[in-house]
Amino acid sequence: QDWEQRQEEDTLLIERILLLVRNVLHVPPDPMEEQGVDGDASVHDRVLWALHISGMDDLLKFLASAQAEQQWALHVLEIISLMFRDQSPEELAALGQGQAAAEHGEDTRELETLRQRELAERRARALQRPSRHSRFGGSYVLQGLKAIGDRDVVFHKGLHNLKSYSHDLGKETRRVPRRRQAA
């Protein structure tokens with residue numbers, strides 16, 4: 001609803017929800033309670049993931065960027081600061097670039113090894129085949145297609161051209177004088 005159409009109860013409900021989210025994120029971590037494996041998500045991380053799955057992070061972004069919702073700006077700012085509570089700015093900045101650079105380097109190395117392997121296979125194939133190419137594609141007898149008389153058709157082109165074969169192949173079309181052409 002627009003702020004003009006909201007009742008007093010709606011405004012109080014929005015404020016209470018924002019305060020609840022802030023209070024949930026404000027709970028300090030308990031290292032004795034969170035004895036997980038290295039790399040395991042902490043309770044704070046799981047709460048953030050639940051907020052993301054529910055779409056609450058999109059609502060917070062809307063509230064932070066909407067001109068008409070400036071009354072909630074301090075609540076949203078506090079929630080966002082609590083979201084990033086355990087991270088340092090250096091870690092956050094390096095997180096996106098470090099993994100991308102590492103993955104990019106790994107992908108580059110992988111592509112380079114595949115390229116070297118392909119070049120080696122190409123060189124090996126080039127050494128196996130003779131240096132002079134024979135233009136003779138072969139002659140094939142098409143059984144079931146009759147040529148002149150009772151003989152089968154002899155096809156002198158490559159097998160890849162067989163699908164486009166017709167008896168008129170190689171024949172010139174008869175030229176019809178212009179005055180006898182159909183309109």
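Which residues make up the largest nonpolar core? I found L18, V21, L25, L51, M56, L60, L63, W72, V76, I79, L82 and M83, 12 residues in all. Helix 1 (8-26), helix 3 (56-65) and helix 4 (73-83) each give two or more residues to this core, and helix 4 has the largest share with 4. My core rule takes buried Ala, Val, Leu, Ile, Met, Phe, Trp, Tyr and Cys joined through side-chain atoms within 4.5 Å. Buried is under 20% relative accessible area, exposed over 50%, partly exposed in between (1.4 Å probe, protein chains only). Helices are DSSP runs (H or I, at least four residues), numbered from the N terminus.

A note on the source: this is a predicted model, where local features need pLDDT of at least 70 and side-chain atom pairs 80 or more, while totals for chains, interfaces and linings use all residues. Residues are numbered from 1 along each chain, and side-chain values use heavy atoms, without hydrogens and water.

Next, salt bridges (a Lys or Arg side-chain nitrogen within 4 Å of an Asp or Glu carboxyl oxygen). I count 5 by this rule. One of them joins E78 and R22, with the closest N and O atoms 3.5 Å apart. That pair links distant parts of the chain, helix 4 and helix 1, 56 residues apart. E78 is partly exposed at 30%, and R22 is partly exposed at 22%.

I also looked up D58 and K61, which meet at 3.4 Å, N to O. They are separated by about one helical turn because they sit 3 residues apart in helix 3. D58 is partly exposed at 46%, whereas K61 is exposed at 53%.
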